[in-house]
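I opened this structure to see how its parts touch. My entries follow.

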Amino acid sequence: MTKIRWSAAAVAALTLVLGFGTPPASAAGAHEGEQLYPVLTYRTGPYAPSGIPFLGGLQDYVRYVNEVQGGVNGVKIYTPECETAYSIERGIECYERFKHGYEGAPTAIFQPHSSGLDAALLDKAREDHVPVFGPGGGQAHAFEGRVFPYSFPLVLDYWSEASIVVKYIAERAGGLDKLKGVKIATLYHDSGYGRDTIEPLKILSEKYGFVDIQIPVPHPGEQQQTQWQQIKQANADWVFLRGWGVMNPVAIKTAARVGFPVDHIIGDIWSGSEDDTRPAGGVAKGYLAVSVFPPGTNYKILQEIKKYVIDTGKSDLKDTSKFGSVYYNFGVIEGILAVEAFRTGQAKFGHRPLNTEEGRWALEHLDLAPDRIEQIGATGLVSPIKVTWLDHVGGSSAKIQQWTGTEWKPLTDWIDGDRALFHDVLEQKALDYAKEKGIAPRTNEDALIN
Amino acid sequence: MSSTTLSAPATAALPRTARRALAVVLGLAVLLLPAFADEYWLNSILIPTIVMGLAGIGLNLLMGYAGLVSLGSAAFMSIGAFSAYNLLLRTPWLPLPLALIVAGLIAAVAGLLFGLPSLRIKGFYLAASTLGAQFFFEWLFTNFAWFSNHSLTLTISAPRLEIFGIDLRPAPGRYLLVVATTALLYWLAANIVRSRIGRDLMALRDMDKAAAVIGIPVASRKLLAYAISSFYAGVAGALFAFAYLGTSDAHSFDLDKSFEVLFIVLIGGSASLFGNFLGAAFIVLTPIFLTRLVELLGLSAVFDNGFLINLEHVLFGLTIVVLLIREPDGLAQMLRAIRARWAAWPLRA
Amino acid sequence: MQYFLTILLSGLLAGVMYAMVAIGFVLIYKASGVFNFAQGSMVLFAALTFVTLTEHGVPFWAAFLATVAVMIAGAVIIERLVLRPLADRSPLTLFMATLGLSFVIEGLAQLLMGTDVHQLDLGIDDLPLDIAGLQLSQFDLFASAVAIGLVVVLSVVFDRTRIGIALRAVADDVLAAQSIGIRLPVIWRIVWSVSGVVALIAGLLWGARQGVQFSLTMIVLKAMPVLIIGGFSSIAGAIVGGLLVGATESLADIYIGPLVNGAVSNWFAYILAVGFLLIRPSGLFGDRTIERV
C-alpha cells in the first residue's frame, strides 16, 4: 500500500506541476506601465564564471537607471530573469515566455545572450516581429537590415574582429605593406563560432599577403599540446586565439610550454577576461586580447554605479570584487545600449513602454554619438555607433588590451574594423539567405513607411 | 525490467466500449487543444513533450523491448534533422510527410551501422561504444558546411513546412503535425511490439541464448531493432528541429539530449510506450515547475539568483534519484497502480 | 621524425592525464558494477573544496586531508542514500542514478563554493625542458610520476591487504563474498572513498593545468574511450588505454585532421575504441567474464 500512497503523492505533485507549469502570462498586470527587458541568464554550467559578472553589470546598471534616474523618462524597466545554462532549448522556452510581454509589461527588444540562441531565433523572431539584439557575437551577415529587419548584431561581429586583429598586427609590423610573408595562425574553437573567422581571414590574407594558418581545437579544449606543436612547427609569428571558456587558459599555458611568446597571442573578445588569464598564472603576463568591453572602474558611469548600487549593498554581485571586470563592464555596456534604444523609441512614440515594432524602429534609429556617450558618462567604455535600417551593426571598433599579470590595460584606442572589405561578400550571403527562405528584401519605401 | 508488459488486469477493469469511448474523447481533446491552449503552452510544453516522447519510444523499442543499450539517441535525431533539412531543400518536389519518412530511413541506416558492435558485445561496453555515434555526428555536422547548406552559423531551419499547400508554421499547425506524426508512429510501434518482431525482441532481451535455440535470427533481429529505433529517433529529431526549435545545429543534439532521452525511458517506464510521454512531460515540466516553486515560496527575496538556480539543479538531480529508487518501473507503472486502485474503489484491490 | 616523436610524446603524456580520471571509474566499477558518471562531478567537487580551503589560508597538506575527509563523508552518504536502496537494480538504472547524482554534486559544489574560476598552483613549473632534442614539460613528468605512484599504491593495497582481498572477492563473486561474511556496504564505502581521493588527485593535476572550474566535469568524456580500450575493471588497463588514446588522438589530429576538415580527437578515440572492441570484446586487460555474444 505504501506504493499506492507514494504514487498518489507523485500524481499530486504532477498536478501541481501542471498547475504551475504555465507562466503567469501577460494577463496579470503586476508590472503594468513598465518596460519589459527580459534577462536571459547563465548563472550555472560551464559559462557561469563569465555569466555572473556580466549579469551583475547589466542588473546593476538597470537598477541605477530605475532608482537614481527614475527610469527612462519615468518609465521603469522590469528585468525578470530566465536561466538557460547556455542551452538553446531552455533559451527558446524563455523566449516564448517573454516575447509577448510578461506580467503586464510589454517586450520591446530581446537579447539572447548566446551566439547559438541568436542563430536559432533568426527565423522565429522575424516571424514574431521581435527584434533580437545581440551585442558582440551576432551573425555577420545579419547586418543587412533589408533581409534581417529583426536582427541587430550591434557593436562587433567576428569578421570585423578579424580585420581589427590584422590591422593591429600590421601596426606592429610597421604598416599594412609589411604584412607580406608574416605568418598568422588562428587557433579556433571547433564550432560555428570558431569557424566564423576562416573566411574573412582568407579574404584578408589574399589582400595583404600574410600566411593564413588555421588550426582547430576540439571542444572543450582541455588539451592543446598537439595544436601548439603545429604552431611551433609552422613557425607562426602571431596567434589569433579564438577560444571559449577553458580553452583560453589552457592555450596560454600550453603556449608557454612550447615556448611561444605570450605577447604575440591576441585573444578574441571571448578570450580576454580575467577568468581567461588568471588560471594560467604568471605565464599569462603580456597576453593581448581584442576588447569591446574595456575593463576598469575609471569611467564616470561606473563611479555612479559604485556610489548608488555597489556601496549601498544593492548590487546583484555577491562578490563585488568583480565590479569593473571585463564581463561586468560588458553587462553595463549592454544595459546602456538597451536603455538608449528605449530612449530613442520614446522620443518618437512618447514616454511609455514600447512594443516590439517600436523596439525595432528604436534600434534602427539608435545613434550613439560621442557627445551622447559623454553625457552618459561612458566615454572610452562604449564606442560610438549609428544604426540605420540598412546597417544593423552600426559601426565596429575595438581596442587591443594587455594583461599585466593582475589586470587588463587598454593598449590602443578604438580601432575600426574594415567592414567595407567584407561588405559585398556578406551582402551576397544575406541575399542568398533571403532567396533560400523566400524573403523579399525590404525596399527604401518599406523603410520610410516604418 | 520485464514484468512491466503485464498490464492486462488493470486495463481489463474497464469494459471494451468504455475504453473506446475514452480513446475517442481523448483523441478529440488532443486535436482540439490548439483552440484552447495559448501559444506558450503549445510551443514550450506540449510540442517538446510529444516530440521527446516520440524519441523516447525510439529508444524504448531498443532498450525496453530488445534489451540493447544506446547512449547516442541524439546522434540519430540529428541525422533525421539534417536529412530532412537537406531533403526539403534539395528535392523541392518531395512532400513533407515523405521527406520525414526518408529522413527517418536515413537515420535507420546509420543506426544499423552503429548497431553492428552489438553483434559482438553487450552491456556497458556496448553503451559506451554508442557514444562514438554521438560524437562522430556532432563533429560531422559541424565540420562539413554542406549539411547546413553553407549557412554561416552552421544552423539549419525549416525551408518549408506545409502539407497540401497548408502552411504549418504557426504554433497550432506545428502542433498538429507533431500530434499526427506521433499518433501514426505510436500505432505502428504498438503493432511492432505485438507482432512477431516484437515478441522476438523481447525473447532476445530476456534470454538471448534461449532465443537463438528456438530459432530466432539473433543478429538480424538486433540490427533491425537498431534500425527501427533510429528511424523513430530520426523522425523525432526532424520534428524537434523544425516543429519545436525552428532552428537547430549539431549542438542541439548533444550528449545531454541523449541522456534526456534515456531519462525519459527510465522515468517513464521501460517497455511501455505510453510511459515515454509521461517521462517526457516530467523532463519538460520539472525545471519549469521548480522555477515556479522557488518563486511561490518567496525564496527569491532571501537568496540571490545564482543560489536559486543551483538549488534547482540539486532538486532536479534528487528528484531523479528518488524516482529511480521509489518507482523502479517508472511512471507508467505508477499510472497502472492508480488505475487498478480506481477500478476497485472504494474497496482495495 | 623529430616532429613525429614530439607529437607522440605529448600525446602519451596527455594520455596519462586521461588515465588519472579513468582509474576512478575502474575502482568503482570493479567493486560494485556501477558505471559512475558522477566521477567528473566528484573531480570538480574535490578540486573546488581544496582550492577554497587553500584560498582561505589553509596549508596544502591540511587542505588535502580535509578534502579527503569530505570525499569520504560524501562516499558514506552516497552509499547509504543512493546505492543501498538501488542495490539489486539494473546497471543502467544505477548509471542513471549516478547521472542524477552528478546534478546534485555539481549544484552543491557551486552552491557552496561559487562558480568562479580558481587558479591552482602546485608549485611545479609548466615550462619546457629540452631532453635529447625532445621538449618535455616538468609538469607532465610530475603528473606521470603521480600516476605511476598511484597505480603502485593501489595495486599494493588491493593485492596485499585484507580489504583488497575482500574487494577482489566481491569483484569475483558477490554472493560468495557475502556468504563468507564480507559486508558489501563497507566495501562500497571504501571504494567510493578511494575513488573520491583519486578524483581529488586528478582534479588537482587537471586544475593546475586549466584552472579549477566547471569544465573539469567534462573530462569524464575523455575517460570513456580509455575505459573501453583498457577494460572497465583493470587499473593497468586504464593506464595503457590512456596512453593509447592520448597518442592516437594527437597523431590523428595532426595527420588525419587536415584531410577531413578539422580536429578529430573528440570522436576518433571512440571509433578506435569500437574497432578495438570488435576485435577484442573484453578490452585489453578486462576480465574474461565480460558479457560477449
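Entry 1, the domains of chain A. I found twelve residues of domain 1 of chain A in contact with 13 residues of domain 2 of chain A; contact requires C-beta atoms, placed from the backbone, within 7 Å. On the domain 1 side, α2 (48–67) and α12 (326–349) of chain A each give two or more residues. By class, I noted seven nonpolar, five polar and no charged residues on that side. Nonpolar covers Ala, Val, Leu, Ile, Met, Phe, Trp, Tyr, Cys and Pro, charged covers Asp, Glu, Lys and Arg, and polar covers the others, Gly among them. Domain 1 of chain A is 26–156 + 296–395, and domain 2 is 158–291 + 400–418, with bounds from an automatic or database domain assignment.

The model is predicted: local features need pLDDT of at least 70, side-chain atom pairs need 80 or more, and totals for chains, interfaces and linings use all residues. Residues are numbered from 1 along each chain as its sequence is written, and chains are lettered from A and ligands numbered from 1 in the order written.

I saw 36 residues from chain B and 40 residues from chain C in the contact. α13(B) gives the largest share of the chain B side, twelve residues. Helices are DSSP runs of H or I of at least four residues, and strands are runs of E of at least two, numbered from the N terminus. The chain B side has 27 nonpolar, seven polar and two charged residues.

Notes:
Two residues are in contact if their C-beta atoms, placed from the backbone, lie within 7 Å.
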